[in-house]
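Please look over the sequence and the 3D structure shown here before reading the briefing that follows. The briefing begins with one residue and then moves on, topic by topic.

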Amino acid sequence: ATSSPSSSPPAAPPSFEESDPARTPFHRRLARAARRADPGAAESVLRDMASAGLTPGPRAVHACVVAAAAAGDADGALDAMRRAHAAGLRPLPESYVALIHAFAGVGDAAAARAVLASMARAVPDARQGWLALCASLFRAGLGHDAEAALLRGRRADGWQPDADVFLEWMVWLCSTQGARGAKLAQFILSKDMRSAGVEPDIRHANTLLAADAFMLSPNVGEQTLLAISDGAFGPLCRPTADSHAIVMEAHLEVIESAARRAAPRLAGPDKEARMRLLANQNSGNNGHGSAAGNNGNGNSGNGNNNDIDPVAAVFASDPANYSQRGLDEGSDGVGAGHEALDEALGEMLKAGILPNRRVHAAMTRAKLVGGARSSVILSFFRMMVKLAKPGGGKRTDLLPDETMGALVAMLSEEGRPW
C-alpha cells in the first residue's frame with residue numbers, strides 16, 4: 001500500500017504570511033489550476049513563486065494536492081504533500097481530506113486509511129477526514145471497507161456520520177445488498193440518523209423510496225411515498241417532484257416490461273423491428289439510480305432517428321396496430337400501469353407539486369409505449385407543458401432527447417405538424 005504523507009508534523013514550519021498581497025496573483029492561478037484539475041499548471045505556478053522569491057505555503061500546496069486529486073492522480077497528490085513536509089510546512093486539514101478522497105476514489109482503501117491515520121497525528125480533530133474516508137469508500141463501491149471504517153470511528157473516537165455519509169451508506173445498501181439492504185436503509189432513516197443527531201432530508205427518503213418501488217413493487221413505493229408525505233421520516237422529508245417521479249418510473253418499468261411481452265403477439269412491425277424491441281432492456285428509464293441524485297430518465301439519445309428507443313419507435317410507427325386494448329389483452333400490467341400513472345400524477349398535482357422533466361418523460365413514454373393515438377399524446381404533451389411551465393418556456397426542455405425523438409418521429413410518420 002502507498003505510505004502516508006508523514007508520520008508526524010514538521011517541527012519548525014517556516015515563518016511567512018500567506019495573505020501577503022504579492023502572493024495573490026499566484027494564488028489565483030493556483031485556484032484556476034485546481035478547478036481545472038491541472039496539476040502541471042499548479043506545479044508551474046509553484047516554480048514561478050520560487051523564482052519571485054516567494055516560498056509556497058500550505059494554501060499553495062493545497063491547490064497542488066487538489067489539482068492532482070481531481071485529475072485522478074492520487075500518487076501525485078501524495079507527492080505534493082510529502083514535499084510540503086520535507087519543506088517544513090504543515091499541510092492544511094483540507095489537504096488531507098482531498099488526499100483521502102483521491103485514494104478512496106481509485107479504490108485504494110489501505111492508502112486512504114493511512115492518510116487518515118497521518119491526519120489524526122497532525123491535527124487536533126480528524127473527523128472531517130473520517131467522513132471523507134467513509135463517503136468516498138461507499139461511492140467507490142467499497143461498502144464493506146466503508147462500514148468497517150464507520151464502525152471504528154463511531155466506537156473508538158465517538159464520531160458520528162453526517163447527512164452525506166448516511167446518504168452514501170443508504171445508496172450503497174439499497175443498490176448492492178438487495179432486500180436486506182433496503183431494510184437496513186429503513187432502520188438508518190427511521191432510527192440511526194436520529195440517534196446520531198442528524199435530521200433526515202428528502203434525499204434519504206427518496207433513496208428508500210426508490211428501493212421499495214423498484215426492488216419490491218410500485219405499489220409498495222406508493223405506500224412509502226404516502227408515509228413520507230405524512231411526515232413519518234421528519235419535517236425535512238417533504239416529497240418533491242422527483243419523489244413522485246420515482247414511483248412513476250417504477251410503474252413505467254412495469255408497462256414497458258408488459259409491452260415487450262405483448263408485442264410479439266401483435267400484428268404490425270417486421271421481424272427485425274420486433275427483435276429490436278425485445279432487445280431493448282428498459283432503455284431510457286434508469287429509475288434504479290434516481291435516489292442517489294441521478295436524472296432518472298437515462299436520456300442518452302441525441303434525438304436522431306437512429307437513437308430512438310425501439311419500444312417507442314415501433315409503437316409510434318403504426319399506432320393502429322398497437323391499441324391500448326391489444327396491449328391489455330397481451331398483459332394485464334399495461335392497463336393497470338397506465339391507471340396507476342394517471343393516479344400518481346393526480347396525487348402530485350393535488351399536493352401542489354408541479355411536474356418536472358422526469359415526471360414529464362415518464363408520462364409521455366407511457367403514452368408512447370401504450371400505443372395511444374398521436375392526437376391524444378400531443379394534447380397530453382401540451383397539457384404537461386402548461387402544468388410544468390405556467391409562465392411559458394421551451395417545450396423541448398421537458399423531455400429527454402430519446403423520448404422527444406420518438407414523439408417527433410410519430411408525428412412525422414403521420415404528416416402532422418410539430
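Asp-192 counts as buried, because its relative accessibility is 10%, where buried means under 20% relative accessible area, exposed means over 50%, and partly exposed lies in between (1.4 Å probe, protein chains only). This is a predicted model, in which local features need pLDDT of at least 70 and side-chain atom pairs count only at pLDDT 80 or more, while totals for chains, interfaces and linings use all residues. Residues are numbered from 1 along each chain as its sequence is written, and side-chain values use heavy atoms, with hydrogens and water left out.

**Salt bridges**

- The structure holds 14 salt bridges, a salt bridge being a side-chain nitrogen of Lys or Arg within 4 Å of a carboxyl oxygen of Asp or Glu.
- Arg-154 is partly exposed, with a relative accessible area of 21%.
- Between Asp-145 and Arg-113, the side chains meet in a salt bridge of 3.8 Å, N to O.
- Because Asp-145 belongs to helix α8 (residues 143–156) and Arg-113 to helix α6 (residues 109–122), the pair ties together parts that are 32 residues apart in sequence.
- Asp-145 is partly exposed at 31% relative accessibility, and Arg-113 is partly exposed with a relative accessible area of 32%.
- Arg-203 forms a salt bridge with Asp-164, in which the closest N and O atoms are 3.0 Å apart.
- Arg-203 lies in helix α11 (residues 202–216) and Asp-164 in helix α9 (residues 163–176), so parts that are 39 residues apart in sequence are tied together by this pair.
- Arg-203 counts as partly exposed at 32% relative accessibility, and Asp-164 counts as partly exposed at 42%.
- Glu-43, Asp-79 and Arg-83 are linked in a network of salt bridges.

**Nonpolar cores**

- The largest nonpolar core has 81 residues, and those with the most contacts inside it are Leu-30, Met-49, Ile-100, Phe-103 and Trp-169; such a core is a set of buried Ala, Val, Leu, Ile, Met, Phe, Trp, Tyr and Cys residues joined through side-chain atoms within 4.5 Å.
- A second, separate core of 18 residues includes Ile-255, Leu-341, Ile-353 and Phe-380.
- In soluble globular proteins, nonpolar side chains tend to be buried together.

**Surface patches**

- Arg-28, Arg-32, Arg-35 and Arg-36 gather in a patch of positive charge on the surface; patches are made of residues with over 30% relative accessible area and no salt bridge, with like charges joined within 9 Å and nonpolar side chains (Val, Leu, Ile, Met, Phe, Trp, Tyr) within 5 Å.
- Arg-35 lies in helix α1 (residues 24–35) and counts as exposed at 65% relative accessibility.
- Met-215, Leu-216 and Val-220 make a nonpolar surface patch of about 240 Å², the area coming from the Shrake-Rupley method with a 1.4 Å probe.
- Val-220 is found in helix α12 (residues 218–229) and is partly exposed, with a relative accessible area of 31%.

Definitions and conventions:
Lys and Arg count as positive and Asp and Glu as negative; His and the chain ends are not counted. The place of a charge is taken as NZ of Lys, CZ of Arg, CG of Asp or CD of Glu. Helices (H or I, at least four residues) and strands (E, at least two) are DSSP runs, numbered from the N terminus.
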